[in-house]
Structures are given as C-alpha cells and as structure tokens.
Amino acid sequence: MILTALDYRPGIIVLLPLIASCLIYVLGEHILPNYREAITFAAAFPMAALVYSMIPAALAGKEIGFTLLEIVKGVPLQFSVDAAGMIFACVASTLWIVTSCYSIGYMRGHGEKNQTGYYSAFAMCLTATMGLCFSANLLTFFIFFEVLTVATYPLVVHYRDEEGTRSGRKYLAYTLISGQLFFAGIVILYSFTGRMDFVPGGFVNTGDIPMPWMLAVFILMIGAGIVKAGVMPLHSWLPAAMVAPTPVSALLHAVAVVKAGAFCTLRVVLYVFGPEAARFCHGSEILAWMAVATILISSLIAIRKDNLKARLAFSTVGQLSYIILGIAILSPFAATGALYHIVAHAFMKITLFMCAGAIFVTTHRKNISEMIGIGRQMPVTMTCFTLASLAVAGFPFFVGFTSKANIIMGAISMGEPFFVATLIVSALLALTYLMPVVLLAFKRDFYNSQFPEKKEANLPMLIPIMITAACSLILGVMPNFGLHLYDLAAMAGNAIFGLSL
C-alpha cells in the first residue's frame with residue numbers, strides 16, 4: 001500500500017510535543033522564559049491543527065495511519081485514527097494550548113521554581129497522550145501508557161519536598177504495578193487469541209478463553225485503567241497528587257492522566273473484549289458496581305473537604321466514574337455518553353481547577369472557609385466557577401447535561417433503574433459540595449475586610465478560565481459546535497454495537 005503524507009499525521013502529532021520537550025530540556029536555563037514558552041506554543045498550535053484536520057476523514061470512516069515498525073512478527077508498533085481516539089485527541093490538543101497559556105500566568109505569578117523541567121515534562125505527557133489516542137493495538141497502547149506514567153512523575157514531585165516525594169512514590173506504586181499487570185493480561189490474551197488490534201465491538205469470543213481465565217484477564221487489563229481513572233478503592237494516589245502546582249492538577253484531572261485511565265478502560269471493554277464477552281465473564285457487572293460505589297462515596301467525601309483542591313479532587317474521582325459506568329452499561333446510548341463525558345468533564349473540571357489556582361495566586365487562600373466574600377474581589381473568576389459547577393451538576397444547557405443524559409438513557413434502555421437513581425443522586429450531591437463555595441464567595445451580608453477591592457488574576461490565567469467556562473456552556477447548547485465531537489461519540493458508540501447512524 002502506498003502511503004501519502006496525510007497518512008503520517010498521527011505520527012507527526014506524536015512527534016511534535018516530543019521535539020518540544022527535548023528542546024526545552026536540552027536548552028534548559030540557557031534560554032529566556034519567553035523562548036521556552038514559545039517552543040511550547042510552536043508545537044501546540046500545529047499539533048491541534050493536525051488533529052482537527054483529521055475530523056472529516058474520521059467522520060467519513062476513512063483509514064489514516066501507518067505501521068512504524070514490527071516489534072516481533074505479527075505485533076507492530078502501529079498508529080491509526082478512529083472516532084473514539086479523535087475525541088480524546090481533540091480534547092487533549094485543545095487543552096494543551098489553554099493550559100500552557102494558564103501556566104505562564106501561574107508559574108510566573110507564583111514565582112515557581114523548576115519551570116524548565118515543568119514545561120518539558122508537560123510536553124512529554126502530551127506525546128504519550130497523543131500516542132494513546134492513535135494506538136492501533138494493545139502493545140502500542142501499553143508503551144505510551146507507561147510513558148505517560150513516567151512523564152507525569154516529575155510534575156507530581158515538582159516541589160522536590162518530602163510531601164511531594166511521598167506522593168510521587170505512591171503515584172508510581174499504583175500506576176506502575178497496575179501497568180505491569182496490564183501487560184501480563186495482554187500476554188495471556190495474545191496467547192489465547194493471537195490478536196492485539198482494537199476492533200469496535202471487540203475481538204474476544206466467548207469460546208476463546210475458558211471462563212475463569214477470561215474474568216482474570218479482564219480484571220488484569222482493566223486494572224491499569226481504573227487505577228489511573230481513580231476508581232475506588234484504587235484512588236488514593238489521586239488526592240495525594242494535589243501537592244503539585246495547580247496546572248499539574250489540571251493536567252492530571254482534565255487533560256491527560258485520569259482521561260487516559262478512562263480511555264484505557266473503554267478500549268479494553270469495548271474494543272478488545274466487546275459487549276458480549278464482557279457481559280459473559282461478568283466483568284462489566286463488577287465494573288459497573290465499582291463505578292456506582294465510587295460515584296456515591298467520593299461525592300460524600302468531597303462534601304467534608306475544606307481545602308478547595310481536595311474537594312475538586314474527590315469530585316474528579318466521582319465524575320470519572322460516570323465514564324466507567326457508561327462503558328460498563330454496554331449500551332449504545334451509554335457508550336456515546338461515556339465518550340462525550342470525556343469532553344464534558346475536561347472543560348468543566350479544568351475550569352474549576354484553574355479557578356482554584358487563580359484564587360491561590362491572587363489571595364493565597366486554599367480553604368473554602370477562608371473565601372467568604374471573595375466573589376466581590378474576583379467576580380469574573382467566581383462567575384466562571386459557578387458556570388462550571390452548574391455544568392458538573394448536570395444542569396440543562398450545560399455540557400455535563402448532554403453526556404449524563406445519554407448515560408441515563410443507556411441505563412434505562414438496559415433496565416437498570418438503580419444506575420439511573422445513582423446518577424440523579426450524584427447530581428444533587430455535586431450541588432451540595434460545589435454550590436456552597438459559590439454561595440460563600442458571593443455572600444453579601446458578611447463584611448470581609450480581607451477582600452476589599454476588585455482584583456482578578458493576571459490575564460494569562462484569566463483568559464483560559466473564561467474560554468473553558470464558556471465552552472462548558474456552548475458545548476451544552478450546541479454539542480457539536482462545528483467540531484462534530486458529539487457526532488464522533490455517537491459514531492463510535494453505534495459502531496461498537498454494530499449499528500449505523
């Protein structure tokens with residue numbers, strides 16, 4: 001087959017942030033901060049343009065991709081583009097630009113050290129994320145999955161203090177061990193089936209693997225995904241990682257790491273095992289109930305947290321399990337909702353974390369109880385926080401409503417009333433842990449002399465917050481908004497179950 005230049009776009013997309021990472025690291029402190037950040041944007045904008053250039057081909061079902069090399073006979077390092085991968089790639093490439101702009105304001109405004117290492121590791125995380133999006137098989141996916149783990153570690157331990165080191169060790173222990181179990185599952189699966197390629201609807205047949213082994217392989221392979229996605233009881237690394245700077249928290253919770261875990265679960269359940277085999281081995285049932293427990297318990301814990309980033313961290317634990325539950329329901333509607341919640345959660349949660357960072361840099365306040373009346377000093381920031389909070393709770397005309405409504409319809413179609421009730425209750429719990437922050441911020445009958453004047457964060461921080469908050473509303477009113485992300489989610493959901501749009 002003769003390949004055109006356009007077929008190499010997935011590889012170029014993976015290569016661009018890698019080049020940026022290497023340039024930033026090698027040049028190090030020998031370049032001015034402006035040049036270091038210019039390198040970041042010089043890679044981020046072309047990467048996003050290349051990603052979006054592939055949307056028409058993905059919608060048309062055209063093949064884009066190539067084999068880089070054959071690691072062993074019949075097992076290639078291979079890239080390809082499909083609807084599910086495009087959704088994740090569009091989100092990550094867009095938010096890299098937004099987060100990089102925000103990072104300039106945060107890292108300079110707070111006088112952070114180790115900025116060269118920060119920008120270099122951040123770019124490397126995007127290399128790994130893009131590799132995950134466009135991996136054509138399990139082995140390629142595993143390689144980039146582990147690269148993401150290693151690349152994120154310097155960001156978690158950014159401050160190089162005792163607390164950061166302890167959190168970094170916990171992060172590595174959870175993610176590396178689960179990653180090796182994932183690899184063991186891949187080897188066992190390959191020995192039974194002789195296949196590793198991702199196929200909508202999966203390639204595992206119910207007769208390929210004896211029942212005890214099938215469930216064991218399923219658990220081994222989803223373990224890596226649910227660890228990174230923070231599914232309880234494998235979640236404790238995620239709140240611990242909040243010791244990192246706020247842009248890193250945004251990366252962990254919205255752009256790369258937890259989304260990589262959810263995306264890994266999606267690939268294993270719906271593109272490797274498929275609905276029939278996942279249901280046959282009872283793996284999807286176990287996964288669904290773990291997600292339900294996580295949604296409810298994490299929401300209750302979030303209510304009790306006074307530290308704003310800690311509250312948002314447990315919110316992420318619960319919100320990511322919406323995706324896991326949508327996958328495990330094994331319905332076209334629910335799969336569509338799970339995929340679109342990758343988009344929804346990214347814009348909602350990155351807004352909330354960036355607001356928390358703006359508050360910290362401007363006022364040095366971390367705890368909610370210390371933010372009474374802060375809305376009078378930072379009205380734009382707290383208005384954006386309010387919009388994102390309503391989106392997380394699933395209010396109509398916000399992006400969270402679109403994704404959650406699809407998951408609920410999927411649960412109804414499969415006759416699962418308890419899952420429907422869980423999603424409704426969790427929306428009320430989201431209001432319970434987010435709206436008090438808003439009410440305290442805009443409280444009028446309490447004079448707080450510590451917030452006497454209007455003073456927002458610097459523009460490099462404030463503009464990204466406004467953009468992502470606006471997207472949380474726009475993508476709810478117009479789910480496609482010219483980018484066809486909802487169409488891609490529906491296309492992938494229907495393809496998995498052998499349906500057509």
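**Ground rules.** I number residues from 1 along each chain as its sequence is written. As the model is predicted, local features need pLDDT of at least 70 and side-chain atom pairs count only at pLDDT 80 or more, while totals for chains, interfaces and linings use all residues, and side-chain values use heavy atoms, with hydrogens and water left out.

Entry 1: Grid points are joined across faces, edges and corners, and a volume is the space filled by probe spheres set on the points. I found 2 cavities of 30 Å³ or more.

**Entry 2: the largest cavity.** I noted a volume of about 40 Å³ here. Its lining (residues with an atom within 4 Å of a point) consists of Thr-40, Trp-96, Ser-100, Ser-103, Tyr-118, Tyr-119, Phe-122 and Ala-123. I took helices as DSSP runs of H or I with at least four residues, numbered from the N terminus. Both α4 (83-109) and α5 (115-133) supply at least two lining residues each, and α5 has the largest share, with 4. I sorted the lining into 5 nonpolar, 3 polar and no charged residues. In this sorting, Ala, Val, Leu, Ile, Met, Phe, Trp, Tyr, Cys and Pro are nonpolar, Asp, Glu, Lys and Arg are charged, and the others, Gly among them, are polar.

**Entry 3: the second largest cavity.** This one has about 30 Å³. Among its lining residues I listed Ile-295, Ser-315, Tyr-322 and Tyr-433. Two or more residues come from each of α12 (283-304), α13 (308-328) and α18 (417-441). I saw that α13 gives the most, with 4 residues. The lining splits into 4 nonpolar, 5 polar and no charged.

**Entry 4: α1 against α5.** I went back to α5 to see how α1 (residues 9-27) packs on it: the axes come within 8 Å and cross at roughly 165°. Axes are lines fitted to C-alpha atoms over the stretch in contact, with angles from 0 to 180 degrees between N-to-C directions. The two helices are therefore roughly antiparallel (over 145 degrees). I logged the crossing as left-handed, meaning the near helix is turned anticlockwise from the far one by less than a right angle. Contact (heavy atoms within 4.5 Å) involves residues including Ile-13, Leu-18 and Tyr-25 of α1 and Tyr-119, Ala-123 and Met-130 of α5.

Technical notes. On a 1 Å grid over the protein atoms alone, a cavity is a set of points where a 1.4 Å probe fits but cannot get out, and a pocket is an open set with protein on both sides within 12 Å along at least five of seven lines; lining residues have an atom within 4 Å of a point. Angles under 35 degrees count as roughly parallel, over 145 as roughly antiparallel, 65 to 115 as roughly perpendicular and the rest as oblique.
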